Amino acid sequence: MRIYDIIAKKRDGGELTREELEFFVSGSLGTIPDYQLSALLMAICIRGMTERETSDLTLLMANSGDVMDLSKIEGTTIDKHSTGGVGDKTTLIAGPIAAACGVKVAKMSGRALGHTGGTIDKLESIPGFRTSLSNKEFFDIVNRVGICVVGQTANLAPADKKLYALRDVTATVESIPLIASSVMSKKLAAGSDGILLDVKVGKGAFMKTRESAIALAEQMVAIGKRAGRHTAALITNMDVPLGRAIGNSLEVTEAVETLSCKGPADITDLCLELAANMLYLSKKGGTLTECRRLASEALKSGAALKKLEEMVEAQGGDIAYLRDTELFPTTPESGEYTAEKDGYITSIDAEGCGITASLLGAGREAAGDPIDPAAGIILLKKPGEYVRRGEPLAILYASSQIKLVQGLARIARCYNISNINPPIPELIIASV
Ligand code: URA
């Protein structure tokens, strides 16, 4: 078999066999040079893949490295995955709600990269919190507490890691079969019995239209089901950041507020729906309506907040910071961004806010860059609110004066203000 012939077959619109895909995936970790891998990725990007090809590619990438065996965990394990958003702290809220309802959440999460945040960086802003545990410790905590969140092991789906790095620099990220196989390879390797996908759509997401988000969700759900996992997806809006906090310790604080029933409505509603769907997938909570009721009770009773505290304590974190979030250190510099005119806020560019938070010190451009856990943004005003000229719209927290100046300049491009009060788009758009 020659990679040259496989590239030519896909270039001409052919369907690749499992053997050809296996040759490609195993070769991606050694024998095939980057220029041929990239050529095939571009051919796939332009020609697409059938459901069978996508499913085969996913399984081959999932099996290219470590595959977690969660059989030592008692009960049904459910994973939740968001395709990436700004201000997306849903794992810190929906995870504990689902765990308080009896779902086992054994989760591997990622770090911030580019304009999107990462759950691992958020959790590591809690002093002492450990995200690197032995498998035994991970299983013990899930069995005892119901939830544990750790970083991805270095050898999880290494073929995806290699191909994703090439896609990132060859304009081949935006391909539905490639995104679906990339996300699902890691989810299948992570081993949970069920997978709930939160597919983001809007200006701050990979998928810019409802149709493309639904197509991506359908492909991922089909892959999960073919692999024997209970899989479902919600399609949710990512035109504007979720909640009001963007940045690591700022988002932990907002998660605690939300679990104390004092959080923003958008994040509360979304997390309740995610937790209810996780419970529904686990088949432990009855109908979806009954699951929604149980999720809401777990939030209102304080059981979900207690779960977060138990998890943080089990992973070595200091829960004093959850009980009094003012203990989190703040940045040396902060400043307000104020309204330039009177009117209604019509939109806040989610991607722009993510870039601003990253400029302030909350994110990283390249893997391994240091971050400032206290840096970020609090959005004081969201779409639909009326503001007067000079009124503060956001507070920016920066690790240096120069970063603050850069952040203030960038956020100025994120807000739109108009005389007309626009309808607020639905947060939960569809489910698959
Ligand atoms: N996230 C992934 O893990 N892979 C993609 O291709 C896109 C988003």
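Reader: Which residue in S12 is the bridge partner of Ile348?

Author: This is a predicted model. Strand S8 covers residues 343-348, and Ile348 belongs to that range. Four bridges join S8 to S12, and the two run antiparallel. The partner of Ile348 in S12 is Tyr415.

Reader: Which strands are the edge strands of that sheet?

Author: Strands of a sheet pair through backbone hydrogen bonds, either parallel or antiparallel. Here three strands form an open sheet, ordered S10-S8-S12, with antiparallel pairing. An edge strand pairs on one side only, and that holds for S10 (386-387) and S12 (415-418).

Reader: Why is the chain said to be as compact as a globular protein of its length?

Author: The chain holds 17 helices and 13 strands. For 432 residues the globule rule gives 22 Å, so a chain close to that value is as compact as a globular protein of that length. The radius of gyration of this chain is 22 Å.

Reader: What share of the contacts with a separation of 6 or more joins residues 24 or more positions apart?

Author: Take burial alongside it. Buried residues, under 20% relative accessible area, make up 56% of the chain. Among contacts with a separation of 6 or more, the share from residues 24 or more positions apart is 78%.

Reader: How far apart lie the centres of the positive and negative side chains?

Author: The chain exposes about 17500 Å², with 52% supplied by carbon and sulfur atoms. It has 48 positive and 53 negative side chains. The centres of these two sets are separated by 2 Å.

Notes:
Residues numbered from 1 in each chain as written. Predicted model: local features only at pLDDT ≥ 70, side-chain atom pairs only at ≥ 80, totals over all residues. Heavy atoms only, no water. Rg over C-alpha atoms; globule rule 2.2 N^0.38 Å. Buried < 20%, exposed > 50% of the residue type's maximum accessible area, 1.4 Å probe, protein only. Contact = heavy atoms within 4.5 Å. Areas by Shrake-Rupley, 256 points an atom, 1.4 Å probe, with all protein chains shown as cover. Lys, Arg positive; Asp, Glu negative; His and termini not counted. Charge placed at Lys NZ, Arg CZ, Asp CG, Glu CD. Pairing = 2+ DSSP bridges.
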